[in-house]
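Let's take a walk through a protein together.

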Amino acid sequence: MNLELRHLRVVCAIAETGSVTKAASTLGLAQPALTAQLQRIERTLGGPLFERDRRGARPTALGELVLARARVLLPAMKGLQDEAARLAGAGDAPRRYRFGGMNSPILGRLVHRLAAEQPQAQISTYASWSADELAQSVAGGRLDYALIGVCGDSAPSAEFGLCWREVAVDPVMVLLPETHPLADRDEVRLVDLRHEQWVAAPGEGCFGDCFAAACARSGFTPRKVYEADVRGCVDLVDAGEAVALCQATFRPVAGLVTRRLAGTPLRWRLLLGWHPESPAALGADLVLETALAAYTDALAPHPAYLAWLMRNPEFGVRGPKAAGPVVGARGVRTA
């Protein structure tokens with residue numbers, strides 16, 4: 001492993017807080033993920049950086065050496081990035097936006113808003129079914145930002161060193177033909193769908209452990225799951241061959257309806273990610289603000305869901321506090 005600036009930030013955070021647990025909270029990482037990262041750093045440098053006991057973590061002689069260098073290098077690199085941005089005339093935001101999206105419900109509206117506000121900006125998009133592929137492309141400088149979704153309280157892999165911010169959290173809904181016997185209800189119990197066949201697009205995490213666990217809690221095992229692209233999913237539901245999970249802001253389709261699952265057994269969090277050491281980090285606040293506005297735009301065709309959000313403030317955009325770091329170790333926890 002090559003030592004990177006993000007590794008130095010980890011060492012500094014542990015030294016400043018005096019605890020791996022407190023440093024993990026500060027960095028928005030799961031404690032096991034930070035411990036594993038520290039162990040990799042120590043293997044790379046050839047020895048322990050901290051003595052750890054019940055009183056906390058104290059730097060070793062090697063740790064003091066690394067900290068001394070880090071406290072010089074990190075401010076110097078930040079100054080270099082700021083000066084380079086000013087010299088390039090980047091201002092507070094990049095003139096180029098390269099987005100990667102994973103079945104994102106707001107990507108089109110986000111691009112539309114940026115193009116209207118910055119007509120000279122170069123905007124490109126890339127689609128993938130894999131959150132890891134998008135994260136790797138951002139870490140490698142091939143993309144500036146990634147828009148992904150994660151199920152429940154799970155988090156993207158911390159392997160790529162990206163900074164993630166929550167745009168919104170929605171209950172996962174079910175997509176039904178309007179002729180379905182349950183289509184006239186405002187919400188549907190998951191157990192009432194136990195005899196249905198399901199269809200999912202690749203990469204939809206809620207059809208992994210979360211969905212299986214939610215069905216198990218309702219007392220059944222789901223029937224066979226078809227796999228198709230989004231259009232294929234819609235066609236199978238429209239034909240009455242399957243039902244599908246869908247995002248709350250799924251664009252209305254004639255002949256189909258979306259219904260809430262009773263008790264919201266599944267949640268979907270929409271995240272925006274970028275690399276903290278890339279030029280894109282300078283424009284991240286603007287892009288996040290635009291993403292939040294794009295999400296609000298996406299609610300317009302769903303007045304019933306918007307009214308539900310007003311009664312359930314723990315969903316939708318959850319305020320500035322919820323926009324903090326959500327980077328963590330990979331893991332799936334049910335909602």
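Is Lys78 buried or exposed, or something in between? Lys78 turns out to be partly exposed, because its relative accessible area is 46%, which lies between the 20% and 50% cut-offs. You'll find Lys78 in helix H4, which covers residues 61-87. Now look for Glu277: along the sequence, Lys78 and Glu277 are 199 residues apart, yet in space their C-alpha atoms are 8.4 Å apart.

Let's step back for the overall picture. Keep in mind that this is a predicted model. The protein has 10 helices and 13 strands. Of its 335 residues, 47% are buried. If you take the contacts with a separation of 6 or more, 77% of them join residues 24 or more positions apart.

Next, head for the inside. The largest nonpolar core has 42 residues, and the ones that touch the most other members are Phe99, Ile106, Tyr145, Val167, Leu272, Tyr295 and Tyr305. Helix H9 (residues 284-299) gives this core its largest share, eight residues. There's also a second, separate core of 33 residues, and among them are Phe160, Val174, Trp198 and Val243. Back in the largest core, pick out Tyr305. Apart from its neighbours within four places in sequence, Tyr305 is in contact with Val169, Asp170, Pro171, Met173, Ala248, Tyr295 and Leu299.

Now for helix H6, residues 131-139. Which of its residues are buried? They are Leu134, Ala135, Ser137 and Val138. Looking down the axis of H6, you'd see these buried residues fall within an arc of 160°, so they line one face of the helix. Strands S3 (96-101), S4 (122-127), S5 (145-151), S6 (163-171) and S13 (267-274) are among the things that cover them. Check both ends of this helix too. At the start of H6, a side-chain oxygen of Ser130 comes within 3.4 Å of the backbone nitrogen of Asp132, and after H6 comes Gly141, with a positive phi near 85°.

Keep going and you reach Asp144, in the loop between H6 and S5. Asp144 counts as buried because its relative accessible area is 8%, under the 20% cut-off. Who surrounds it? Leaving out neighbours within four places in sequence, Asp144 is in contact with Arg96, Tyr97, Arg98, Val138, Gly273, Trp274 and Ala280.

Finish with helix H7, residues 209-217, where the buried residues are Cys210, Phe211, Ala214 and Cys215. Seen down the axis of H7, they fall within an arc of 130°, so they line one face of the helix. On the other side of H7, Asp209 and Ala216 are exposed. The cover over the buried residues of H7 includes S5, strand S9 (198-200) and strand S11 (244-246). After H7 comes Gly219, whose phi is positive, near 90°.

Definitions and conventions:
Residues numbered from 1 in each chain as written. Predicted model: local features only at pLDDT ≥ 70, side-chain atom pairs only at ≥ 80, totals over all residues. Heavy atoms only, no water. Core = buried A, V, L, I, M, F, W, Y, C linked by side-chain atoms within 4.5 Å. Buried < 20%, exposed > 50% of the residue type's maximum accessible area, 1.4 Å probe, protein only. Helix = DSSP H or I, 4+ residues; strand = E, 2+ residues; numbered from the N terminus. Contact = heavy atoms within 4.5 Å. Arc of directions from axis to C-beta. Polar contact = N/O pair within 3.5 Å; in protein donor to acceptor, adjacent residues only side chain to side chain.
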